[in-house]
Each structure stands twice: as C-alpha cells, then as structure tokens.
Amino acid sequence: MSVVDSALPLLRRHLLLLVMVWTAACAAALLYFIHEESERLQQVVLGQARAVFDRDLLFRRWSAGHQGVYVPVSAATQPDPYLARLPERDVITPSGRVLTLLSPDAIERQLLATGASRDFKVRVVSPDPIRSENLPDAWEGQGLAALARGQEEVSTYFADKGQTHFRLLRPLTVEDSCLGCHGVHNYQVGQIRGALSLSLPVNALLAANRRHLASDAVGYVVLWGLGLGGLILGHRRLRRQLDRERSKSEELSRVEGDLRHLTFHDPLTGLPNRLLFDDRLNQAMIHATRVGEKLAVGVLGIDNFKKLKNTFGVHCGEELLKRVVQRLVATLRADDTLATLAEGRFLLLLLKQGDSDDLTRVVQKVREALREPILCVGEEFFVTATLGVALFPDDAVDPRGLISCADAAFSGAKVLGRNSYARFAADFSRRALETMTMENRLRRALERGELELHYQPQVDGRNGRVTGAEALLRWRHPELGLIAPAEFIPLAEESGLIFTVGAWALHAACKDGAGWYRQQNSSFVMAVNLSARQFQQPDLLDIIDSALALSGLPPAALVLEITEGTIVEDVPRAIETLVELKQRGVRVAIDDFGTGYSSLNYLKNFPVDQVKIDKSFVDDIHKHGNNNVIIASIVSMAHKLNLELVAEGVETEAQRDFLLAHGCTKMQGFYYSRPVEPERFGELINALATGDAELMRWWCEPGRPMLPE
Ligand code: C2E
Ligand code: MG
Ligand code: MG
C-alpha cells in the first residue's frame, strides 16, 4: 500500500476529528457568549434596580429630613392616624385650607398607588411592621432573614402573569431623620428595622437580550457553517490532490512494472528473456540438487526462420513467432520455462526429468504442437523445429556449461537436418573434430570413387508399375561402411563440396536414368535431389545441360527435387532458375512438402511441376484424424493447381490404400522398395520390363517382404 493509499483513510478520519473539534469550539464559544450575555443582563438589571433603589432611598431621606410633607386633606389623603400624636399633624392655612402631614412612607405608598405609569414598585417591608401593608411576602420574609444574617442584598427573578420581575431586597437602616416619627418606637440609629423591596419588570430587557442572543447565535451558526464548509472544501481539495498523487503513483508503478517486465521478458513474445531464464535455471538447479532430481535445458530453433522472415517480411516472421510460442507454451508443463534466446530460437528449462523417455515425450509434444499448419498473414505455414537438449547433472553442473551443452546438442541436431532432435553427448566436441576429418575424407571420397547413387523406385500405386526413380547418394566408406546422406550432405553443403558432389550425382543419375528411360519406353523419370546451395550455383544450368547432353536423357525425364526453403531463400533468383528449367522442359518437384513453411497457395506463384508429400504425413495416416484432412486437402489443392503428386515414405498397404482412395497415385517408399544399388534397380526394371510374371506377382503382392537395400 502506498503512502497515498494510507493517507486517504487518515484524511477521512481527520476530517471527522476536525469537524468535531470545530463544532465543539463553536458550541463552547456560543455557550460562553450566552453566559457572558446573561452576566451582562444581570449587571444591567442590577444596575437599573440599584439606581431605582438609590433614587427611592434619596427621596425617602429627603422627605424624612423634612419630617414629612404637608398636603391638602382630600378624600384620598386623610390625616394619618399613625401621626396623631404629633401636635402639628394638621394645619390650617390663612386661607382656611386644611393641610395634613404625610410621612415619607405614606408619600411612597401614595406614589405607588397613583404611579400606574411607573413600571417598578418599591415598598418597605419589616418582619415587625407598624402597618399591616408592610408585612413581607414569602420571598421577602426569606430575604429579611438573609439580611439579618448580614447579607448585603438579596435578589431574584420572579414570573407572574406573563411578566418577569427582578426583585431586590436591601436593608433599611434607621437614620437620624427617621427618629422624628419613629423615635417613639424606640428606633435606634443604625438599627436595621426592615428592608426596601424593589420589584422591576424586566420583560423588555429579557426580550432585547433574547433578540441579541438569537442574532448572535445565528452569527455563530453561520461562522460554524463557514468553517465546516472550509474544512470540507479543504478536505476535498486535499483529497483531489491525493487522488492525483495516487493516479500518478499508480502510473509510476505501472511504468515500473512494465520496465521490470521489459527487463526480464522479450517484448515481442512476452517470453522470459535470458536474464530471467538464467535466474530460473539457477534456482531450479539448486532445488534439483537438494531433492536429487534431474532437469533438462534445451535449445529449440524454428527451422529456416531467417529465410522465412527474409522472404515473407518481418511482420509475417513476428506473427509466426508469436503463434509458435503460443503453441509451445500451451504444450509445455506450467512449471517448465520457455525463454527467448535469439530470433527464432528459444531456451527450454524442463524440470523433473527422470529418464530419456521424458525427453522423448517432450520432443513428441513439441512436434505435435507444430504439426498443424499455422495460418499467418493469409498463408499456411508448416513449421518444424530442431531441438538440442542437455541434462543436469549428467552433462554439466553449472548453468553456463549446461546451456553450452544444450547449444552443442542443438548444433548436432541441425546437422541431422530439419525437425531433428539430439541429446548432448560427451563426445560432441570429439565429433566436431571428426567432422573436420570427415570433410577431408569426403574430399578424397570423390576422387577415390567412394560415392555412389542408390535408386528408390517411384511406383504407380494402382498397378505397381515403376514410373521412375529417385537417386539417393551414399558414401561407401572403407572403414565406416555405407554412410547415409544426412551424415555428409550438410557437411558437403557447409564446405562447398556439394557443388562437385552434386554435379557428379547429376551426371551419374542422368546416365543411369537414360538407360532405364529407354528400357521403359519413355515413361520413366529420374528424380535428382538438389540442395539449396546447388540451386543457387551460377553454373547449375550448364551442369544440367551437360548432364542431359552427355547422358541423352530427355529434359522431360529429369525431375529436380528442391525443398520449399530453397525457393524462399532467394525468390527472384529461384524464379529465374525455375523459368530457365521450364524452358528446357526439365521438371521440378517440391520435396518434403509440408515440413517447410510454405503453402500450396504460395507455390502457385512458382513454375513447379510436382509436389512430394513428406513422409511425416504419410506416417501419421491412421494415427491422427487431422492428418487425413491435411493429406486430403494437399491432394485436392495439388489437383486444382495441376501439380503432380508423389507420396514419400509409404511403408504399409494401409497407407497406400489411403493415398489411392484420396487420389494420390504415385508413391515411393519401403513398402515397394528401399533405395537399392543401380545394378539391383536395373535388375528390377529389367524383370518388370521383360514381363517376368513371377516377379511381377511378387512385386504387386500385398504384404510381401520389402526389397532390401
Ligand atoms: P529425400 O529426398 O526426401 O529422400 C527420401 C528419403 O527417405 C531417403 O533417405 C529415403 O531412403 C527415405 N525413404 C524413402 N522411403 C522411405 C520409407 O518408406 N521409410 C523410411 N523410413 N524412409 C524412406 P536418404 O536416402 O537417407 O536421403 C535423405 C535425404 O538426403 C534426402 O531426402 C535428400 O534430401 C538428401 N539427399 C539424398 N541424395 C542426395 C543428393 O544426391 N543430393 C542432395 N543434394 N541431397 C540428397
Ligand atoms: Mg528427394
Ligand atoms: Mg523427401
């Protein structure tokens, strides 16, 4: 998990925390404000109450200082009975008006009674009142007790009939001016005889305070909302930034991943590259050593891949490579490794190899995987692969050594030709030396006449009639015996000896063929193999001309067998040569058809006359249903393109019957005869030509023993 990934939930949690802190701060501020406001209200109310109180006290002092005030006697103002003892309570003015003395308290009461406009009330209360009006109510009674205990003032709020009053009680101390009236009641100066009780309506103040509180609370809520909005916006911005950071870091890790993949993989096929292969090999070797297992390393090369790429283009080469890789990967075990080594070449790491049967199975699987043609850029390609394998720990105990051994085995397999397999042998390096010796010997072999041609009949499967022969080279080595062409032709090609060898073979075959041609009443063809290098030989046509001229074999009786690879190696030149041959009447056959990479469709562009179905397809008849389809489609396509067909490697009656049933009549193979020496082939031809009935019967008899080489 990246830093950004862990930051996001943290950010979400932090936002919650911040919102909570902000809300708590706003709520605390609001509460503090409310508290302050109520304190202020208290002070205002108290201030007002005190002011009223002081004014009232001042008035009382003033009126007490004058021992009361004379007012005219009226219905509302009668002489005060409590002042009856005063001699001057009532006076008559010279005009005859009667004035009576009003005590300060009476004035106050009258003021209270008349002062409807006044919104406050002040009265004297006493626990021991002279007048009953001055009796305290319950709250005043409790207040008086508190004042008696020394409290300076007592206050409270009191609600009554929708009106809230602020009530204040303060002690009333006896002063000198009081003694004028109250001296008779034994009042002492400084004595607390009661209290002044003030009741101040505060509804308006409270309402104003509530309005003030409400508007300020709205302000606080707005502030809280703004803060909240700011926090959310800030959070969002941060989150967006983090998202951007995250996508950037994801992009970065993707690029990193791609880079890592590129470092260890082949960009074209996606296969592990050499680096990764070496690492896996190391690990596998350590594991195999610990558990006592064997493992194998293989070098696998697609045959003629470079030629194919040069002919069909890079794109086609790459596509084909990808398809081949898909098939190989699908066929190998999941714990095996297929890695890219070079263009068209791969490394194989095969774990848990018990015995050579395991390797053989792998080889079969690889061949099986490539057996079906591969459709690529509109063409069908028959791909084969060559494989060289080395075993750990038998052949080498270190990774480099093991790969070198596998490579040596691969080179060995290549010598055997396409679609070959070789296991590393300890004498591989010795073999390299032997190869050199062989090369020298081959040079001398020509001079010493150790090379010979054997002939294998080509037969019309419908009636067993010999229609021609294929000339196949043999080297009769004085010490090693008869050596097959696969052992020395690649060597001859590499060294350039093939030109001399090929020219010799062409001359010899034409010479032998001319005789049999005459015997067979012109229905005989002589097939001679040409290697790719020979086909590109500048004086090839001269050699052919001279071979035909010297032997007397008509050009139409000569079939030159070349492989698909030979054509695609240098297409313009191949076409030129093919046209020249066509003009001469010499026929050309595509040998081993199906093992290369070309298709019949492709071949229609070249002036060829014959197609030889490779032995591997014939081998598979009755083994794989699909092959039957392949052969059937090759036959029908060849017929459409007017190409003659010859099936190679027919070994059984069933194969013959299958081919006949599918319209391929010409065939060649051990079923009829192995390649034999010219003398024996001549005998066969003679016998058949002279109409030796017994020989003919034997020749045509199903299940007869093969004519040995
Ligand atoms: P190729 O031209 O495809 O020849 C057919 C090969 O298949 C021959 O092997 C033949 O002996 C073998 N064969 C034929 N019928 C059967 C059968 O029923 N079963 C089995 N198992 N094999 C069968 P050979 O003679 O060893 O020749 C191998 C290859 O060497 C030839 O393949 C050809 O490519 C090359 N070669 C032979 N002679 C010459 C030559 O004079 N010049 C060149 N350039 N190449 C030659
Ligand atoms: Mg051939
Ligand atoms: Mg062949």
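1. Arg371, Phe382 and Arg418 supply 36% of what domain 1 buries against domain 2, more than any other three residues.

2. A word on the ground rules: this is a predicted model, where local features need pLDDT of at least 70, side-chain atom pairs count only at pLDDT 80 or more, and totals for chains, interfaces and linings use all residues. Residues are numbered from 1 along each chain as its sequence is written, and side-chain values use heavy atoms, with hydrogens and water left out.

3. Where are the two domains? Domain 1 covers 274–424 and domain 2 covers 437–700, with bounds from an automatic or database domain assignment. Their contact (heavy atoms within 4.5 Å) takes 19 residues from domain 1 and 23 residues from domain 2.

4. Now look for charges: 2 salt bridges cross the interface of domain 1 and domain 2. The term stands for a side-chain nitrogen of Lys or Arg within 4 Å of a carboxyl oxygen of Asp or Glu. Arg371 and Asp620 form a salt bridge through their side chains, at 3.6 Å from N to O.

5. On the side of domain 1 that touches domain 2, the elements giving two or more residues include α9 (356–371) and α10 (399–416). α7 gives the most, with 4 residues. Helices like these are DSSP runs (H or I, at least four residues), numbered from the N terminus.

Technical notes. Chains lettered and ligands numbered in written order. Buried area = accessible area lost by both parts, 1.4 Å probe.
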